[in-house]
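Hello,

Here is the structure you will be working with. Please open it first, then read my notes below.

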Amino acid sequence: MQFLFLGMVLSILVGSHFYIAKRFFAFFSWTGGALKIAWLIMLVLLLSVVVAMLLSRSDLLGNFFADKFIWLGFVWFGFMFLFTIATFASDLVGCGIWLAAKWLPVSADLWIPRVRIAFYGITLILGVTALIEGAKLPKIEEIPVSIANLPQEFEGYRIAHLTDTHIGPILRESWAQQLVEITNSAKPDLIVHSGDIIDGSVEKVGPMVRPLTELRAPDGVLFVSGNHEVYSLSKPWLRHLKSLGLYLLDNKHIVVKRGESSIVVAGISDKHSGKDSLSMAPDPGQAFKNAPPAAQAPRIFLAHQPNQAESAQGYDIALQLSGHTHGGQFWPFHHFIYLQQPIRAGFGKIGDIRVFVSNGAGFWGPPMRLFAPAHIPVLVLQRG
Ligand SMILES: [Fe+2]
């Protein structure tokens with residue numbers, strides 16, 4: 001699975017660089033030595049992304065120069081994506097102008113280059129904005145959510161929902177420390193993490209997640225695995241995270257009590273889990289085994305990917321909490337999310353389950369966010 005994912009990323013990288021180069025160099029009519037230098041620069045940029053990805057998973061992670069290279073490589077990765085979209089969009093508009101010029105008094109020679117320059121200018125502005133947004137810390141966002149049959153004792157119950165922190169390649173221990181302080185400041189009753197906590201090996205990234213031991217909530221800190229835990233070898237990671245005092249909720253539930261009343265919080269492993277001997281497949285039946293009836297104890301459910309709700313129908317789940325999409329992370333990637341997931345961000349319904357999808361607190365790949373700010377939702381339960 002990991003190789004399939006890497007193969008897909010590599011194909012997109014090579015294809016995008018080739019496409020941008022062809023269109024960009026043709027636009028400037030570069031020939032001879034200038035063209036050769038331009039191709040060389042494009043090759044270096046392509047390699048910078050590949051090397052950054054390799055470095056982020058190597059023993060050099062943490063080395064000053066390696067870290068700077070990782071950051072630069074991933075920044076170009078983000079700009080490359082934006083430039084690919086801008087080139088394609090300006091090609092489409094250019095085609096429209098070329099066709100219009102056949103019947104209307106419009107000069108294609110004048111307007112096609114202007115459109116191209118406008119698209120690239122807007123792309124630069126969006127890229128810089130995305131970098132600034134990506135550098136911001138996640139903010140607490142209180143979100144009231146009504147739950148049918150919620151016992152009176154749970155009115156106002158606060159669940160801090162962390163997800164997609166992706167600690168490792170760029171976000172490190174100091175960021176994790178700030179994340180913990182922000183989360184604790186919301187005074188949650190319960191903290192949950194719906195997966196993709198880390199990226200990388202336990203040996204390298206393990207020390208960076210140490211601040212998570214300082215997360216504080218009266219009813220504890222629960223987590224389920226995400227696909228990046230699977231990519232980073234689930235078993236050693238799940239063991240390490242449990243050793244930090246985080247409670248693994250993969251295919252399990254807990255009963256939270258207030259006096260005689262209770263709610264159930266259950267979770268499943270990621271849908272990529274169970275394909276190797278190091279992880280177990282998601283199993284909602286196992287997660288709710290021996291749980292009290294939903295009519296007495298409303299059920300909150302953690303699953304990394306929103307579409308995992310499809311496999312959890314019929315368990316009377318009041319609310320599923322998910323991540324994985326990053327809210328699209330940076331526009332226009334928002335639109336591609338729907339190729340894989342029915343919900344990009346916020347609330348939606350999948351079958352009989354109401355699902356809340358967080359934008360996530362961190363990022364994957366480019367340290368950029370655009371029109372999808374990082375946040376820490378605090379779901380405040382209300383009687384519905
Ligand atoms: Fe994910």
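Start at phenylalanine 301: its bridge partner in β9 is glutamine 320. On the other side of the pairing list, alanine 266 stands opposite phenylalanine 301 in β8. Strands here are DSSP runs of E with at least two residues, helices are DSSP runs of H or I with at least four, and both are numbered from the N terminus. Two strands count as paired if DSSP finds at least two bridges between them.

Before you go on, two notes on the source. This is a predicted model, in which local features need pLDDT of at least 70, side-chain atom pairs count only at pLDDT 80 or more, and totals for chains, interfaces and linings use all residues. Residues are numbered from 1 along each chain as its sequence is written.

**The sheet**

β8 and β9 run parallel and are joined by 4 bridges. β7 (residues 261-267) and β8 (residues 299-302) also run parallel, again with 4 bridges. β9 pairs with β11 (residues 353-357) in the parallel sense, over 3 bridges. There, leucine 321 has phenylalanine 356 of β11 as its bridge partner.

Is β9 mostly covered or mostly open? Strand β9 (residues 317-322) is mostly covered, with 5 of its 6 residues buried. Buried means that 20 or more other C-beta atoms, placed from the backbone, lie within 10 Å of the residue's own.

Now the whole sheet. It is open, has 6 strands and mixed pairing, and its order is β6-β7-β8-β9-β11-β10. β6 (252-258) and β10 (346-350) are the edge strands; each has a single partner strand, so one side of each lacks a neighbour in the sheet. From one strand to the next, the twist averages 25 degrees. That angle is taken between N-to-C directions of lines fitted to C-alpha atoms, on a scale from 0 to 180 degrees.

**The two domains**

Domain 1 covers 2-134 and domain 2 covers 139-383. These bounds come from an automatic or database domain assignment. Taken over C-alpha atoms, the domain centres are 34 Å apart.

How many residues of domain 1 are in contact with domain 2? There are 19, and they meet 15 residues of domain 2. Contact means that the C-beta atoms, placed from the backbone, lie within 7 Å. On the domain 1 side, α3 (64-103) and α4 (108-134) are the elements that give two or more residues. α3 gives the most, with 7 residues.

Best wishes

Note on methods:
Two residues are in contact if their C-beta atoms, placed from the backbone, lie within 7 Å. A residue is buried if 20 or more other C-beta atoms lie within 10 Å of its own, exposed if 12 or fewer, and partly exposed in between; C-beta atoms are placed from the backbone.
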